[in-house]
Amino acid sequence: MLLMIAKSAEPTRHPVDGLKRLTDSLSDQYHPTVSPLLARQAELFGIPVTSIQPTPRDRFRRTSYLDEDVIGAEIYAKGSTLIAIRLMESTRLRPHRDENGKVIRKEVTMCGLSVAYAGPALDERVMEEFEGHVKEIWGVELREREATSQKLAEIESLGQGGKAEAPTDQDIKCAAILSDKATRVLAIAIKSSSGLLLGDAPKQIPQKERGRLDEVVQSLIDAGVVETEIVVICSKTASQVNRVPNLEILQGLDEQNVRCSCGKALSQEKAEEALSVTEYGRAMLDGSRWLSILVLQNLTDLGVPIDSIRMEQEYAGEEVDCVAEIYGRLVLFELKDKQFNLGNAYSFGAKVGIFRPDYPVIVTTEKVGSDARDHFVRSAQRGKRSQRYTVSDSDTIDNIRFIEGIPTLRRGLEEVVTAISIEAFAPYTQSALGFSTSSPGAILSAWAGKEN
């Protein structure tokens, strides 16, 4: 698992030897990468390290993929936290009035400072300590970048519905309970019936799970998905004639001379305990809302801001279970509480064609059928979508990722977030590693002045 966070600031200027001063101010627990690599190269060539220091103007040096000129960068490792810092400068033309009041365009140099952290978990103490040293040298406070949700904004006009809302504690508890297949199967059976007799409940779940029936029923009651009631069964017709919340009410009806259609007192008829779905339970089961909540909760646990997530919306006439922007990449989720078959594949393919997500993800409680997989393979071979990533495992076809089964949900989402965080962190390491290798020109110039 890899998480990342980026922060930035705009100092008025970059101090002379700022990165060296930063490295010197840090404890021995921080291990720099770029400067030791340069020092080792200088040692091997037998030339001063200052003579091979890469600069933005060095024509042999690889250029940055950014708009700004990266004038310095370093990578530090402390424990499980990787820290990349880069210094930028950019020259822009700004309007300016001269002494005669005439508007002219003048070159202005802008400074930038960015720091990115990456690791299996982000240590707040490490970040706070590092940023304290940065503030001492540059005199600025690093701020986390606001989530721009640029790609979400691009499709916002197509959608209907608001942003995702944080689930309640009850929703989270209910989703966790319904993630158990036997529990979910029983809940659906109760919802489908007009009231399921408790005696018939064992028939609704797999035989190997029947030993935990009491536990399953109680968990559904505790979650507010189902409730118990008393069903009165006519001894003459064997039909259900009445339902009451409990036996006490049944006795009260006798006192009011309420009788069965056959004429007997209700208390003399057969009474059995039954299970019925609550309105809340119906809402959680309809459209598999419990699965949406489970995905939403896992995404936010993995650091995805809830403002960057949309749930159960309609875009351009297509119902979308979940779409999220993670580190600037658009992720489209398709959620199915059943096997994902060929019909689902055609529908999902249409959504992929509309939204062009960076990462299409299918989450199913069962399996992605072989017919659906074959369809995705054929689509990839026909070149309907450009290949951006190399397919190297059975859980990815044409950049579509499969998460099959609730037990693999967390791990699957972690893999998606990790893949995106690696892609987002890569430019920081790219910038720094560009400074870890001296250019041929610098080496040869230093060698030309070397005495025999």
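Reader: In which sense do strand 14 and strand 15 pair, and over how many bridges?

Author: The model is a predicted one. Strands of a sheet pair through backbone hydrogen bonds, either parallel or antiparallel. In strand 15 (residues 359-364), Ile 362 is the bridge partner of Glu 334. The pairing of strand 14 with strand 15 is in the parallel sense, over six bridges.

Reader: Which residue of strand 14 is the bridge partner of Glu 325?

Author: Strand 13 (residues 318-326) pairs with strand 14 in the antiparallel sense, over five bridges. The two strands form a hairpin with two residues between them, and Tyr 327 in the turn has a positive phi of about 50°. The bridge partner of Glu 325 in strand 14 is Leu 330.

Reader: How many residues of strand 14 are buried?

Author: In a regular strand the side chains alternate between the two faces of the sheet. Arg 329, Val 331, Phe 333 and Leu 335 point one way from strand 14, while Leu 330, Leu 332, Glu 334 and Lys 336 point the other way, and all are buried. Strand 14 (residues 329-336) is therefore largely enclosed by the rest of the structure, its buried residues numbering eight of eight.

Reader: Which are the edge strands of the open sheet of six strands?

Author: The order in this sheet is 2-3-4-5-1-6, with antiparallel pairing. Each edge strand pairs on one side only, and these strands are strand 2 (31-32) and strand 6 (143-144).

Reader: What angle does the direction of helix 3 make with that of strand 5?

Author: Helix 3 (residues 124-138) packs on the sheet, where it touches strand 1 (3-9), strand 3, strand 4 and strand 5 (103-119). Of these, strand 3 (residues 69-78) and strand 4 (residues 81-97) run antiparallel and are joined by nine bridges, with Glu 74 opposite Ile 85 in strand 4. The angle between the directions of helix 3 and strand 5 is about 150°.

Reader: Against which helix do the buried residues of helix 14 pack?

Author: In helix 14 (residues 440-448), the buried residues are Gly 441, Ala 442, Ile 443 and Ala 446. They pack against helix 2 (34-45).

Reader: Is Leu 44 buried or exposed?

Author: Leu 44 is found in helix 2. Together with Phe 45 and Trp 447, Leu 44 forms a nonpolar patch on the surface, with about 330 Å² of accessible area together. The relative accessibility of Leu 44 is 61%, and because the cut-off is over 50%, Leu 44 counts as exposed.

Conventions:
Residues numbered from 1 in each chain as written. Predicted model: local features only at pLDDT ≥ 70, side-chain atom pairs only at ≥ 80, totals over all residues. Heavy atoms only, no water. Buried < 20%, exposed > 50% of the residue type's maximum accessible area, 1.4 Å probe, protein only. Helix = DSSP H or I, 4+ residues; strand = E, 2+ residues; numbered from the N terminus. Contact = heavy atoms within 4.5 Å. Patch = residues over 30% accessible without salt bridge, like charges linked within 9 Å, V, L, I, M, F, W, Y side chains within 5 Å. Areas by Shrake-Rupley, 256 points an atom, 1.4 Å probe, with all protein chains shown as cover. Salt bridge = Lys/Arg side-chain N within 4 Å of Asp/Glu carboxyl O. Pairing = 2+ DSSP bridges. Axes fitted to C-alpha atoms, helices over the stretch in contact; angles between N-to-C directions.
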